[in-house]
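Reader: Before we go through the assignments one by one, could you set each value against the rule behind it and say what follows?

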Amino acid sequence: MLEIANIRNNAAEVKQRLAVKNFNELNLIDEVLSLDENRRKIQKQLDDNLNKQNVIAKEIGELFKQGKKEDADKRKNDSASLKEESKQLDTELSKIEEDIKNILVRVPNTPNSIVPKGKTPEENEVVKQWGDIPLFHETAQAHWDLAKKYQLFDLDLGVKITGAGFPVYKGKGAKLQRALISFFLDKAIEAGYLEVIPPHMVNEASAFGTGQLPDKEGQMYHIGLDKFYMIPTAEVPVTNILRDEIVDSLPVKFAAYSPCFRREAGSYGKDVRGLNRVHQFDKVEIVQIAHPDKSYAVLDEMISHVESLLQQLELPYRILRLCGGDMSFSSALTYDFEVFSAAQKRWLEVSSVSNFETYQSNRMKIRFRDENKKTRLVHTLNGSALALPRIVASLLENHQSPDGINIPLALQAYTGFDKIV
């Protein structure tokens, strides 16, 4: 949620930056400013009213000391009138503050100044590419065919048990999943992240805090009886660990493995074949709570961490700076990582690393004390490190050979085998 003070002081810039995200309801900014002006007037009235009550309270005490009961009683009546007026002002103030909040939750985060304009993924900027795209023999197969050949996962069995998009991993496919999770977690711990195991369901307050509500209801599985949501990413419960807290020292670094659940309504076609897009998948997430002056250096650090993982897995990748139209509602700047799927001859997204600046922390009231002991909002960041389905797909496709699937050296200690045959 945008900070009202920033909107008040930089209204024109806020509108300009929101336009980069193709946000078309810029009139909401004017509505917020009008409400805020009214709120400040009422707040001043309320403050003046309370000051008058304090003055009268002292006068009443002096009048009683002087034995002037009749005058004291008159001032009591004056005080009672002011108290009643204060109640009305307070009710009015609460209503305006609620109106402001209801508007602000409809306004996305403002993108960083380096975010490119654009509406579609094709307008994202490629900022780096690493690794050689492998050339394959004529019998090279896509990962869904390799899965059947080596009995690694079963999509049809998942349909039987649950529905489309819920794969069942088996044998070395299951071991590969477990190995990747341990590998990613160990590397995060080596980088200074504290491992946590969060709940896999969250309440409405947690989903609101990270911006899933009210923006992404259609993508989440909702348990209506308990009003819980299955998490679409560990970012949601992990960032909420510090909700309503004043943080003693920064940065705070968390890493978490969790299954993730996404409805992905409307997904269809070749993009959803195999593990390209599923409803339940495993992911290791890294989250940092950072000082506002250092958050973009932290973002670079997180990008380097994800890069190191992909390099150790020997997967060719590229990094994209997302354009305004392809960014999430809450993000100020996002870099996507894509690995090349040689058998499918296409790039697959495997990670998003984002800086949300104060957008999430303003919703969650995560603060720190600056050098002047004043409380300020922190910046929040998160990244996939990494999401497993497309990593598995790319590992199978890019490392296949005529006599099996080779396991990258860095992963062999975790799998216990160097080849799937």
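Predicted model: local features only at pLDDT ≥ 70, side-chain atom pairs only at ≥ 80, totals over all residues.

Reader: What makes the pair of Asp 30 and Lys 15 a salt bridge?

Author: The rule asks for a side-chain nitrogen of Lys or Arg within 4 Å of a carboxyl oxygen of Asp or Glu. The closest N and O atoms of Asp 30 and Lys 15 are 2.8 Å apart, and the pair therefore counts as a salt bridge. Asp 30 belongs to helix α3 (residues 27–65) and Lys 15 to helix α2, and with 15 residues separating them the pair links distant parts of the chain.

Reader: How many salt bridges are counted between domain 1 and domain 2?

Author: The count there is zero. The domain assignment places domain 1 at 4–104 and domain 2 at 121–420, and the C-alpha centres of the two lie 44 Å apart.

Reader: How do you know that domain 1 and domain 2 are in contact?

Author: Contact requires heavy atoms within 4.5 Å, and six residues of domain 1 are in contact with 10 residues of domain 2. The two domains bury about 430 Å² between them, with 45% of that area on carbon and sulfur atoms. On the side of domain 1, Lys 21, Lys 101 and Leu 104 lose the most area to domain 2, and together they account for 68% of what that side buries.

Reader: Which polar pairs does the rule find across this interface, and how many are there?

Author: Three residue pairs are in polar contact across the interface of domain 1 and domain 2, both residues being at pLDDT 80 or more. The side of domain 1 that touches domain 2 draws at least two residues from each of α2 (11–20) and α4 (69–104). By class, that side has two nonpolar, one polar and three charged residues.

Reader: Why are β5 and β7 called paired strands?

Author: Two strands pair if at least two bridges are found between them. β5 and strand β7 (residues 228–230) have two bridges, in the antiparallel sense, and therefore meet that condition. Within this pairing, Met 201 stands opposite Met 230 in β7.

Reader: What makes β5 and β6 edge strands?

Author: The open sheet has three strands in the order β5-β7-β6, with antiparallel pairing. β5 (201–202) and β6 (222–223) are its edge strands, since each pairs on one side only.

Reader: What is noted about the phi of Asp 244, and what about that of Lys 365?

Author: Phi of Asp 244 is near 65 degrees, which is a positive value in a residue other than glycine. Asp 244 sits in the loop between α9 (235–239) and β8 (246–247). For Lys 365, phi is near 55 degrees, again positive in a residue other than glycine, and Lys 365 is found in the loop between α11 (359–364) and β14 (367–369).

Definitions and conventions:
Residues numbered from 1 in each chain as written. Heavy atoms only, no water. Domains from an automatic or database assignment. Buried area = accessible area lost by both parts, 1.4 Å probe. Polar contact = N/O pair within 3.5 Å; in protein donor to acceptor, adjacent residues only side chain to side chain. Helix = DSSP H or I, 4+ residues; strand = E, 2+ residues; numbered from the N terminus. Nonpolar A, V, L, I, M, F, W, Y, C, P; charged D, E, K, R; others polar.
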